[in-house]
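Below is a short briefing on one protein chain. Look over the sequence and the structure before reading the points.

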Amino acid sequence: MAATNTAMSLVLCLLVMIICSTHRLLQPQSQLAAAASSSPFSSRSKISKDVHDKTVSFTLYQQETMNRTGYVVVPGVDAPSPARVTSDAGEPSADRQPFGSMYVFRDNLTVRADSSSRVAGVAEGTSISTSFDGEDGLRSVSLAKITLHHRGYRGSVSILGGTPNITRPSVYPVVGGTGDFLYAVGYVRSSPVDTRGRSRTTYKMELRLYWPPHAYYAPIP
């Protein structure tokens, strides 16, 4: 009797499994698609379709004003030679800082060099002087987050790199991104285009971004 009950139980289990499998196979494709869309990895197909092997370029202008959008928050060590370097106008240059000086900024990014043009994003970060006593005071290590809402894109990219001379063009590698720039790589070239006295500077920022093939296989937050 016990053996008969065990056999009946096994038969019932097999029938249930067959019915469930048959129901799954006969389920409409629309329902299967809806179930798949709820998966946390369902956006992979969108990433592959939209940005796989894609490049995009932006040119914006960083509007920086000393003691308004950026401040020296750490004065650095005593380095009289860089501190006494003067600008062409004979005034102390705000760009030249002693070793260890930390400059923190939050500057608007506009679509044209004119500061009154449309704001398309924000650059916020810090720059730390690495010039020793007796040098020109222009070397630094910089990091920044560039947040954009421009040409249909929303998100941010992060950059990190050295600046050999802040009065000349510098290139920074892109080390990460968020939003529409998730898994983007590339570089940002920053070039001073308009220096007004010692306090206000406009930088041309050229962003060159690329989504590599492996972005399709990366995890989605």
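The points that follow go from the overall layout to single residues.

This is a predicted model. The secondary structure of the protein chain comes to four helices and nine strands, and buried residues make up 33% of its 221 residues. The mean pLDDT of the chain is 76.

**Overall layout**

- Along the sequence, the elements of the protein chain follow the pattern α-α-α-β-β-α-β-β-β-β-β-β-β.
- Of the contacts in the protein chain with a separation of 6 or more, 57% are between residues 24 or more positions apart.
- The protein chain exposes about 13200 Å², and carbon and sulfur atoms supply 59% of that area.

**Confidence**

- In the protein chain, 64% of the residues reach a pLDDT of 70 or more.
- Confidence is highest in strand β3 (residues 102-110), with a mean of 97, and lowest in helix α2 (residues 29-37), with a mean of 43.
- Over residues 22-46 the pLDDT stays under 50, and the model has 12 contacts beyond four places in sequence for them.
- Residues 82-94 also have a pLDDT below 50, and this stretch has 19 contacts in the model beyond near neighbours in sequence.
- Where pLDDT is low, the predicted coordinates should not be read in detail.

**Nonpolar core**

- The largest nonpolar core has 24 residues.
- Phe58, Ile146, Leu148, Phe181 and Leu207 are the residues with the most contacts inside this core.
- Strands β1 (55-65), β3, β4 (119-129), β5 (140-150), β6, β7 and β9 (200-210) each supply at least two residues of the core.
- Leaving aside neighbours within four places in sequence, Ile146 has contacts that include Leu109, Val122, Val157, Ile159, Val188, Met205 and Leu207.

**Aromatic pairs**

- How many aromatic pairs does a search of the whole structure find? The search finds six.
- Tyr153 and Phe181 form a stacked pair, with 5.7 Å from centre to centre and 15° between the planes.
- Tyr153 lies in strand β6 (residues 153-163) and Phe181 in the loop between β7 (170-179) and β8 (185-196), so this pair ties together parts that are 28 residues apart in sequence.
- Are Tyr153 and Phe181 buried or exposed? Both are buried.
- The rings of Tyr216 and Tyr217 have their planes at 80° and their centres 4.9 Å apart, so this pair is edge-to-face.
- Planes over 60 degrees apart count as edge-to-face, and planes under 30 degrees apart count as stacked.
- Tyr216 is partly exposed, with a relative accessible area of 31%, while Tyr217 is exposed, with 63%.
- Ring pairs link Phe58, Tyr153, Phe181 and Trp211 into a cluster.

- Ser191 lies in strand β8 and is buried, with a relative accessible area of 11%.
- Apart from neighbours within four places in sequence, Ser191 is in contact with Pro169, Thr202, Tyr203, Lys204 and Glu206.
- Asp194 is also in strand β8, but at 25% relative accessibility Asp194 counts as partly exposed.
- The cut-off matters here, because buried means under 20% relative accessible area.
- Apart from neighbours within four places in sequence, Asp194 is in contact with Arg200, Thr201 and Thr202.
- Asp194 and Lys204 are 10 residues apart in sequence, and their C-alpha atoms are 9.0 Å apart in space.

**Residues with positive phi**

- Most residues other than glycine have a negative phi.
- Asn67 is a residue other than glycine with a positive phi, near 60°.
- Asn67 is found in the loop between β1 and β2 (70-74) and is exposed, with a relative accessible area of 54%.
- Tyr183 is not a glycine either, and has a positive phi of about 70°.
- Where does Tyr183 lie? Tyr183 lies in the loop between β7 and β8.
- Tyr183 counts as partly exposed, at 26% relative accessibility.

Note on methods. Residues numbered from 1 in each chain as written. Predicted model: local features only at pLDDT ≥ 70, side-chain atom pairs only at ≥ 80, totals over all residues. Heavy atoms only, no water. Phe/Tyr/Trp six-rings, centres within 6.5 Å; stacked < 30°, edge-to-face > 60°. Buried < 20%, exposed > 50% of the residue type's maximum accessible area, 1.4 Å probe, protein only. Contact = heavy atoms within 4.5 Å. Areas by Shrake-Rupley, 256 points an atom, 1.4 Å probe, with all protein chains shown as cover. pLDDT = per-residue confidence, 0-100. Core = buried A, V, L, I, M, F, W, Y, C linked by side-chain atoms within 4.5 Å.
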